[in-house]
Amino acid sequence: MLKQSRETEDLAPAEEILERFGSVKSDDLIPLLQQVQKAYGYVPPDILGYLSEQTGIPTSRMYGVITFYAQFSLVPRGRHIVRSCSGTACHVRGAKAVREGISEELGIPEGGTTEDRRFSLETVACVGTCFLAPVMMVNEQYFGLLTADKATSVLKAFE
Amino acid sequence: MTRVADPGELAALKTRLQEEGVGGGARIGVCATGCRAMGALELAQEFRDQLAAQGLDDDVSVVETGCHGQCARAPLVLVEPQGFLYGKIKTGDVADVIEKTVREGVPVERLCEQANGEAVPAMADIPFYKAQRKQVFRDCGKVDPKRFEDAIVRGTYQGVAKALTEMTPEEVISEVTDSGLRGRGGAGFPAGVKWGICRKVQGDEKFLVCNADEGDPGAFMDRALLEGVPHQVLEGMIIAAYAIGASRAFVYVRAEYPVAVEHATLAIEQARECGLLGQNILGSGFDLDIEVRMGAGAFICGEETALIASLEGERGMPRPRPPYPAQSGYLARPTTINNVETLANVGSIILGGEGSYSAIGTEGSKGTKVFALAGKVENTGLVEVPMGTTLRQIVFDVGGGVLGGLPFKAAQIGGPSGGCLPSEHLDLPIDYDSVKETGAIMGSGGLIVMDEETCMVDIARFFTEFVKDESCGKCSPCRIGTRHMFDILQRITEGEGEAGDVDRLVEIGEFVKEGSLCGLGQTAANPTLSTIRYFRDEYEAHINDGACPARMCKDLIKVWIDPAKCVGCRVCLTVCPTEAITGGKKLIHIIDQDACTQCAECYLVCPPKLDAIVKLTGREARELESLPAPVLYTEWRQKVGAAAGQPSEAEVE
């Protein structure tokens, strides 16, 4: 499996990241995985073996960390990450309807990715812009005071 | 960038920058943090372009600042020296602002806050600000968080100079202890005492962590501080690290806060370049370096020991205490963890002396507290008031009251660890101890206002779902207890509640509270227990009558168009996502109950003067069939004649 994956998964970005770190200490694991996810768009399970060999951190521990934190994904995600806020303020101001509207428009459930990999839809506990509730983030951009209609029309601008 | 080698040079730099007019003069301060979501960056660019086109760019600077606080009017622009605060401003308004305010010094009234029908241009006169006392946030919105010089000119790092060169670590600790500063992250542990414990523990290497893992849904003050005044937070960190004897520190910040990450990272680089971080800071012999670490999306990592586990590259699971982090924290070394707001207070305490700080607040809670005001309130935003300010003052004087003038029902304080404060507690002076007595906790200061249309069972369900999802799973009371509580609450909101459910919730809740390992579990039941304490009748209405008094729980409501009020205007018909509404122009509309999903979009858009769409619950909803059948509006008008108060057809057109 590992051998095969090395042929399919490009290791160059991972190599580059490891080079930047120099010697990887045990407590560098989360920043390391964050950079891997940034480079690949997700954490490809196939490169964990390679990372483990290079760093001496067991893959089991990597899986443990990846599955614990909401930020990490082991499956490919869309080019644009839509994070619909489900915080308290958004909740009382109708975030659920917004989320359902986006979900319907994109044809994917929460946590899903569109077939063309254009969008992934996630929920987030709070993005800290409660005054603009209900809110969503597309990549690192915030959009506030949404309705289902407004949210779906915002998404049209992301190719 | 100028390196400052000692306090004298720092003071000289401040003086020089002042003389150069840095941070003063004519400025357009555009909030480029929270207001970004409302097009603030485009707005700032428009100001720059137009000022340049008019040859004013040398005289007037455009500054991208942190949060001004009154987020409800985003995007906000502060025009100095006039001090006019403009809100909901668009690029199309820029020309007027330059023409009227910049050139002539007069306000553009349409962009001003309106109070009692009059425009209030000056920020200082706006009721929202008048009722506040800005200490921690005094510079936020005034400085460019990306410019080191702006921070220096406002006196940031003067506290560092004093602490490092004029005081011993013990003196710093006793000053902060005497000030009465308590941890702003939620638990309210005295900050100076925390430092003192860590100071006394033997160890060659100690660590300081600034906890910016602000995960409470509904709180955003830490985000605003890191984004708006990052140097003020760093100042507090340097002093705290000096007090405990740490030479390395971390800012642990949520990945969901990209702007905070960016500004904190930049500020650290600037401080390093200038010699305020690194070796021998200000010639004191004290060394410190700070590193930014991003959280990876786990609420539990706001808990001290879980945060440490996360820093160590592990699953963020809490450990039993003792040993406390002060004894054995990051890499088993003595570690102090302070919240962002706590640290942001430190500089001015050291500079002004403990007396200046402890003069504000109540007996047991000193200083000010920042609240993130959100939910059903007019002035959503960040507000800073002295400890002991009443809930009424916060919600009504500062917050401008409940959205749309509706009656106040409750405020949820402290997020998923907190509880609700019902209207009977409106005159409660808010501080750590008084809030605790009500069964809530202050938490980090999230304050969500709720009106009569907010269902308290649904709120309990919402928070319990959150803690159930965020429970790390290590200890069973939290892992299993929150799951059961959620299942019961879910059932109640779906109309499947059973007799005895409320008592069962209390029993499990008390158990989760007592049996859980960490703060998350110990407080997880608070939202449920406190809503039961104050709104038990709502729970009972759900269970016994199948009714949601707030008309929020979808399974317990039916949306119905009152034929006596509907004029057939088609507004609701066009927004219905499931096309459940039938009818035509001047034909009274009817909702097909089988197709309706109770999303209530139609309820929101029905013109207020008609108010024809009603949410029914309980017996009314069940007996919907017996309500009057729809008829053609025109026919109905002929039959009943023009009813009093009913708009005529022409008006509706």
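1. Helices (H or I, at least four residues) and strands (E, at least two) are DSSP runs, numbered from the N terminus. In this sense A:P134 lies in the loop between strands β2 (119–124) and β3 (136–138) of chain A. The peptide bond that joins A:A133 to A:P134 is cis, with omega about -5°.

2. The structure is a predicted model, in which local features need pLDDT of at least 70 and side-chain atom pairs count only at pLDDT 80 or more, while totals for chains, interfaces and linings use all residues. Residues are numbered from 1 along each chain as its sequence is written, and chains are lettered from A and ligands numbered from 1 in the order in which they are written.

3. Chain A contains eight helices and four strands. Along the sequence they follow the pattern α-α-α-α-α-β-α-α-β-β-β-α. The C-alpha trace of chain A spans about 50 × 30 × 25 Å along its principal axes.

4. A residue is called buried if 20 or more other C-beta atoms lie within 10 Å of its own, exposed if 12 or fewer, and partly exposed in between, with C-beta atoms placed from the backbone. Of the 159 residues of chain A, 40% count as buried. Two residues are in contact if their C-beta atoms, placed from the backbone, lie within 7 Å. Among the contacts in chain A between residues at least 6 apart in sequence, 62% join residues at least 24 apart.

5. Where do the two chains meet? The contact takes 35 residues from chain A and 45 residues from chain B. On the side of chain A, the elements that give two or more residues are α3 (29–40), α5 (59–68), α6 (88–92) and β4 (141–143). The residues on this side divide into 22 nonpolar, 10 polar and three charged. Here Ala, Val, Leu, Ile, Met, Phe, Trp, Tyr, Cys and Pro count as nonpolar, Asp, Glu, Lys and Arg as charged, and the others, Gly among them, as polar.

6. Chain B also has a cis peptide bond, between B:A74 and B:P75, with omega about -5°. B:P75 is placed in the loop between β2 (60–65) and β3 (77–80) of chain B.

7. Two residues other than glycine deserve attention for a positive phi: A:N139, near 55°, and B:Y157, near 80°. A:N139 is in the loop between β3 and β4 of chain A, and B:Y157 is in the loop between α5 (148–153) and α6 (158–166) of chain B. Is each of them buried or exposed? A:N139 is exposed, having 11 other C-beta atoms within 10 Å, whereas B:Y157 is buried, having 30.

8. In chain B, the axes of helix α10 (residues 230–244) and helix α13 (residues 340–352) come within 7 Å and cross at roughly 75°. Axes are lines fitted to C-alpha atoms, for helices over the stretch in contact, and angles run from 0 to 180 degrees between N-to-C directions. The residues of this contact divide into nine nonpolar, four polar and one charged; among them are B:M237 of α10(B) and B:L343 of α13(B).

9. A nonpolar core is a set of buried Ala, Val, Leu, Ile, Met, Phe, Trp, Tyr and Cys residues joined through C-beta atoms within 7 Å. The largest such core has 258 residues, and B:M237 is one of those with the most contacts inside it. α10(B) gives the most to this core, with 10 residues. Not counting residues up to four places away in sequence, B:M237 touches B:L208, B:C210, B:A249, B:I290 and B:L343.
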